[in-house]
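Please consult the sequence and structure shown below while reading.

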Amino acid sequence: MDAVTISILGIILLAVLLLSGVHIGVSLGVVGFLGTWMLLGFKQALYGSVNMFYDQVASYSLITVPLFIAMGYLASAGKLSQNIFNSLNHWIGRVRGGIGIATVGSCTLFGTICGSSLVTSSVFALTAAPEMRKQGYDKTLSYGICASSGIIGMLIPPSILMVVYGVLSGDSVGKLLVAGITPGLILGIFYSATILILAKIKPHLIEKREGSSLPLGQRMKELVHLWPVFVVIIVIFGGIFGGVFTPTEAGAIATFIVLVLLIILEKGKSIKPIIGALSDTARTSAMIYLIFGGSAIFSQFLVLSGLTGRFAEFIISMNLSKFAFMMIISLLYLVLGCLLESISMLSITIPLIYPILGPMGIDPIWYAVVVVVAIHIGMITPPVGLCVYGAKAVAEKDVSLEDVFKGVAPFFLVSLLALLILIFIPGLSTFLPNLVFPW
Amino acid sequence: MNKIVAYSDKVIRFLRITFVGISGLALLGLTLMTTADTFMRFVLNAPFPASVEISQLIQPYIVFLPFAYALHMGSHVRVTLITERFSGRVRLFLEFLPFLIGTIFFAVMTYISWIRFSASFRIQETMLAAIRLYWWVGKMAMPIGLGLMTLECLNKSIQTFNAIINNKQVVE
């Protein structure tokens, strides 16, 4: 049996294992090991697989991931999210649709201290959605806004998915983090506009004018509560983008600051949330790293089989334009998003697709932005819409999963529009990274 | 049989919690060390020696030790699109399969990683760093974490298998 046939059989076996409910990291590892065994022999496969697994998991660049995760959990354990929401709500809450826009803005700001869309969606579904309902918002819209806006938090640095993408592809993590800013802001603006339009054309979704009127002085005072966010923003943005320290160091320092803030702001009640945040970090990191380890074994098998090279030749021979290629890739990720979660999708597809980018003349940063946005859209589509599940998990009792998916629908369409814009205007993705990192 | 399962459950639970605690402390330690190192480098121009290498030795403890905890909490990702459509014994069998495959996979990984660790320990394999650091310190985390993961998978396999042969609808 030749190497390419073995690799195709391997991919079929992977699909069977995945659909049988075998854990994704294990499926990738088992298929990678069996394939390498067929290609190189038992002993080489055994030791090669364990070496790949360990080297991937212990790689220095990946230390950033648990640090960013810890920062997110620590931030959500304190009152930071509530303070952000209150401050923005008092400024724009009086406009029809204002609380919804304040939630979108809060998710964007919270995204600077939390790199996880799932955490962001859940935190705001817990804090902002009940407030929106009190002010006359329909339950579908309230939770739809929170579930959708979570994905903005995942694009704004520090984005865990961008770090993962950088580690798997070998691209500059710093550049990728900067590249997430523009699509994050575009989505934020689009979502806010959607809420305003919905308030106009479907007034039953937002029944009455909301928001309490606070004097200007008091609203200014409310902004003071945002200082912890700005400290973290300065550390992360200033540190990484100013070349002062690496993303790993920025992750550690920002985690340290959020930890200290939690201890100060919670005044003696911080032990329990800190323990909770650390165990959540351990659980989430273990989940992500098992996929990393498995994907390292699987990638090794694909490279050894030569399938990646053949696949690249095949795609190049189709003479697709860059835009057609990007459209097909986006569609692929949107479909995969119905079956797999984000990191699994990247782990499986990057080894296969990334080698094509160079020969096709596609800017890897542009590609990364389009892929990450497409993956994020998958996080609000059924049946694996993780952000929707995250919002539903903390929602009030009368809110069903269908309600949240219904509320997400307009934001899904708007996100598709944003994705098309990012595909057809590559400069939107590459402008900022090229400006910050001209070398 | 039930007594053995109950006892192993207790032991695994104790190890699981201990390992998560160590992982959390390792993360805190890494955070503090990296922050202090950055501060020392910029303010005093005196960075810690080999902080990157020390981080590489700490990281495996942050990651490998909570593998079993994540499995117990149902955090390891799987596609349940098809399996959740079944019920009763078919569903139980589909639950049993991932744990059985996991047990075999992690048992093999544990054994080989133990060989790697012991070889590194025997020759006192050192890292290229400003101070003397041993690779085996980091490599030890892999067989420990995966060993517990193997036990967790085995425990869940036995519980699911018990439910299947006793004609139960769910695992107790």
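**Helix packing and chain contacts in a predicted model**

In chain B, the axes of helix H2 (residues 51-64) and helix H6 (residues 141-165) come within 9 Å and cross at roughly 0°. Axes are lines fitted to C-alpha atoms, for helices over the stretch in contact, and angles run from 0 to 180 degrees between N-to-C directions. This is a predicted model, in which local features need pLDDT of at least 70 and side-chain atom pairs count only at pLDDT 80 or more, while totals for chains, interfaces and linings use all residues. Residues are numbered from 1 along each chain as its sequence is written, chains are lettered from A and ligands numbered from 1 in the order in which they are written, and side-chain values use heavy atoms, with hydrogens and water left out.

**Helices H2 and H6 of chain B**

- H2(B) and H6(B) are therefore roughly parallel to each other; angles under 35 degrees count as roughly parallel, over 145 as roughly antiparallel, 65 to 115 as roughly perpendicular and the rest as oblique.
- Pro60(B), Tyr61(B) and Phe64(B) of H2(B) make the contact with Ala141(B), Met142(B), Gly145(B) and Leu146(B) of H6(B), contact meaning heavy atoms within 4.5 Å.
- By class, six residues of this contact are nonpolar, one is polar and none is charged. Ala, Val, Leu, Ile, Met, Phe, Trp, Tyr, Cys and Pro count as nonpolar, Asp, Glu, Lys and Arg as charged, and the others, Gly among them, as polar.
- Helices here are DSSP runs (H or I, at least four residues), numbered from the N terminus.

**Helices H4 and H14 of chain A**

- The axes of H4(A) (residues 64-77) and H14(A) (residues 247-266) come within 9 Å and cross at roughly 20°.
- H4(A) and H14(A) are therefore roughly parallel to each other.
- Residues of H4(A) that meet H14(A) include Leu67(A), Phe68(A) and Met71(A); among those of H14(A) are Gly251(A), Thr255(A) and Val258(A).
- The residues of the contact of H4(A) with H14(A) comprise 13 nonpolar, four polar and no charged.

**Helices H18 and H19 of chain A**

- The axes of H18(A) (residues 342-360) and H19(A) (residues 364-378) come within 12 Å and cross at roughly 150°.
- H18(A) and H19(A) are therefore roughly antiparallel to each other.
- The contact includes Met345(A), Ile353(A) and Leu357(A) of H18(A), and Tyr367(A) and Val371(A) of H19(A).
- In the contact of H18(A) with H19(A), nine residues are nonpolar, one is polar and none is charged.

**Interface between chains A and B**

- 51 residues of chain A are in contact with 54 residues of chain B.
- The two chains bury about 4700 Å² between them, 79% of it on carbon and sulfur atoms; buried area is the accessible area (1.4 Å probe) that two parts lose on being put together, summed over both.
- His23(A), Val50(A) and Tyr54(A) supply 15% of the area that chain A buries against chain B, more than any other three residues.

**Salt bridges**

- Over all chains, the structure holds 12 salt bridges, each a side-chain nitrogen of Lys or Arg within 4 Å of a carboxyl oxygen of Asp or Glu.
- One salt bridge is counted between chain A and chain B.
- Arg41(B) and Glu249(A) meet through their side chains in a salt bridge (2.8 Å, N to O).
- Lys134(A) forms a salt bridge with Glu131(A), with the closest N and O atoms 3.8 Å apart.
- Both Lys134(A) and Glu131(A) lie in helix H7 (residues 117-134) of chain A, three residues apart, about one turn of the helix.

Key. Helix = DSSP H or I, 4+ residues; strand = E, 2+ residues; numbered from the N terminus.
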